[in-house]
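These are my notes from looking up a structure entry by entry. I wrote down what I checked and what came back.

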There are 2 protein chains.
Amino acid sequence: MDAKKRRRLESADFAVGSAAEFLGLSAEESALVEMRLALSRALRERRGEAGLTQAAFARRIGSSQSRVAKMEAGDPSVSLDLLIRALLAVGASRRDVGQALARRMA
Amino acid sequence: MDAKKRRRLESADFAVGSAAEFLGLSAEESALVEMRLALSRALRERRGEAGLTQAAFARRIGSSQSRVAKMEAGDPSVSLDLLIRALLAVGASRRDVGQALARRMA
DNA sequence: GCAAGATATGTCGAGTCCGACATAATGCAA
DNA sequence: TTGCATTATGTCGGACTCGACATATCTTGC
């Protein structure tokens with residue numbers, strides 16, 4: 001997989017416009033990045049609504065505060081797997097995850 | 001994460017009824033298994049429609065026939081990450097992935 | 001029933017991702 | 001400001017997933 005080689009990309013802020021084109025990402029690569037960001041946002045929202053701190057949430061899912069911070073930051077060291085597990089842990093359904101994953105930027 | 005310890009579960013066939021309850025999986029765990037299976041099915045469908053053998057598809061995405069077989073079998077050694085990348089590689093959109101992931105068994 | 005193509009299963013070294021820890025930055029009430 | 005809670009960033013050892021290879025088990029046409 002070609003994407004593998006270019007893995008450690010900055011997760012980017014999208015401060016103005018799509019950073020994807022700027023960085024020369026393929027359609028597949030940018031779809032992956034967008035998915036990660038979309039799930040990140042969903043996770044932060046849900047954790048907030050649940051009134052949990054990152055540390056409290058980390059304890060609840062058997063992880064650490066730093067990793068939760070990275071999840072929510074869309075850090076490239078965080079897999080979609082982990083994000084999805086975390087979402088399920090805050091009560092998201094399979095359907096919720098599917099929607100979150102497909103949702104476009106605000 | 002508690003799921004971690006019980007990781008290497010058989011991916012199960014669901015020959016009759018939900019194997020999830022039988023195996024004593026938590027809601028979260030079975031949601032993950034179901035997602036993996038749902039993506040597996042979507043991948044096999046799309047590859048079929050594209051008229052590709054597992055080997056041909058593997059070459060196309062820079063992987064191996066055996067791993068593609070495992071992807072389609074819902075093997076626990078295959079991450080959701082990989083399945084999603086594979087789906088994108090056969091032309092699925094982010095939306096397609098979201099739908100596939102949420103779709104219930106036939 | 002055989003052969004050949006396709007798919008499935010088992011294993012392994014290499015590289016990735018995870019939780020943990022340390023520490024820095026940010027926020028926010030007193 | 002100062003102090004305390006929360007969130008962000010950097011780094012590691014070890015667990016996990018990857019592609020690859022070997023081999024076994026289907027399929028399908030003959």
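Which of the 21 residues around DNA strand D come nearest? I found A:Thr53, A:Ser66, B:Ser66, B:Ser79 and B:Leu82. A residue is near a strand here if its C-beta atom, placed from the backbone, lies within 6 Å of it.

**Ground rules.** I am reading a predicted model, in which local features need pLDDT of at least 70, side-chain atom pairs count only at pLDDT 80 or more, and totals for chains, interfaces and linings use all residues. Residues are numbered from 1 along each chain as its sequence is written, while chains are lettered from A and ligands numbered from 1 in the order in which they are written.

I looked up which elements supply its surroundings. Helix 4 (54–61) and helix 5 (65–73) of chain A, with helix 5 (65–73) and helix 6 (80–89) of chain B, each give at least two residues. Helices (H or I, at least four residues) and strands (E, at least two) are DSSP runs, numbered from the N terminus. Helix 5 of chain A has the largest share, six residues. I sorted the surface near DNA strand D by class and got six nonpolar, nine polar and six charged residues. In this scheme Ala, Val, Leu, Ile, Met, Phe, Trp, Tyr, Cys and Pro are nonpolar, Asp, Glu, Lys and Arg are charged, and the others, Gly among them, are polar.

I repeated the search for DNA strand C and found 20 residues around it, the closest being A:Ser66, A:Ser79, A:Leu82, B:Thr53 and B:Ser66. The elements with at least two residues each on this surface are helix 5 and helix 6 of chain A and helix 4 (54–61) and helix 5 of chain B. Here the largest share, six residues, belongs to helix 5 of chain B. The classes came out as six nonpolar, nine polar and five charged.

**Symmetry.** The RMSD is 0.1 Å, with a turn of 179° and a shift of 0.0 Å along the axis. The two copies are thus related as by a two-fold rotation axis. In chain A, A:Gly98 has the C-alpha nearest the axis, at 2.0 Å.

**Interface.** I counted 25 residues from chain A and 25 residues from chain B in the contact; two residues are in contact if their C-beta atoms, placed from the backbone, lie within 7 Å. On the chain A side, helix 1 (2–5), helix 3 (27–49), helix 6 (80–89) and helix 7 (94–102) each supply at least two residues. Helix 7 of chain A gives the most, seven residues. That side of chain A has 13 nonpolar, five polar and seven charged residues.

**Fold and burial.** Chain A has seven helices and zero strands. Of its 106 residues, 33% count as buried. Buried means 20 or more other C-beta atoms within 10 Å of the residue's own, exposed 12 or fewer, and partly exposed in between, with C-beta atoms placed from the backbone. In helix 6 of chain B, nine of the 10 residues are buried, so this helix is largely enclosed by the rest of the structure. Among them are B:Leu82, B:Leu83 and B:Leu87. After helix 6 of chain B comes B:Gly91, with a positive phi near 95°.

I then followed B:Leu83. Leaving aside neighbours within four places in sequence, B:Leu83 contacts B:Arg36, B:Leu39, B:Ser40, B:Leu43, B:Met71 and B:Val78.

**A loop residue.** B:Asp75 sits in the loop between helix 5 and helix 6 of chain B. I found 15 C-beta neighbours inside 10 Å, so B:Asp75 counts as partly exposed.

**Confidence.** pLDDT is the predictor's confidence in each residue, from 0 to 100. Chain A averages 83, and 75% of the residues score at least 70. Helix 1 of chain A has the lowest mean among its elements (41), and helix 5 of chain A the highest (98). Over residues 1–16 of chain A the pLDDT stays under 50. Where pLDDT is low, the predicted coordinates should not be read in detail.

Conventions: Copies are superposed by least squares on the C-alpha atoms of residues with pLDDT of at least 70 in both.
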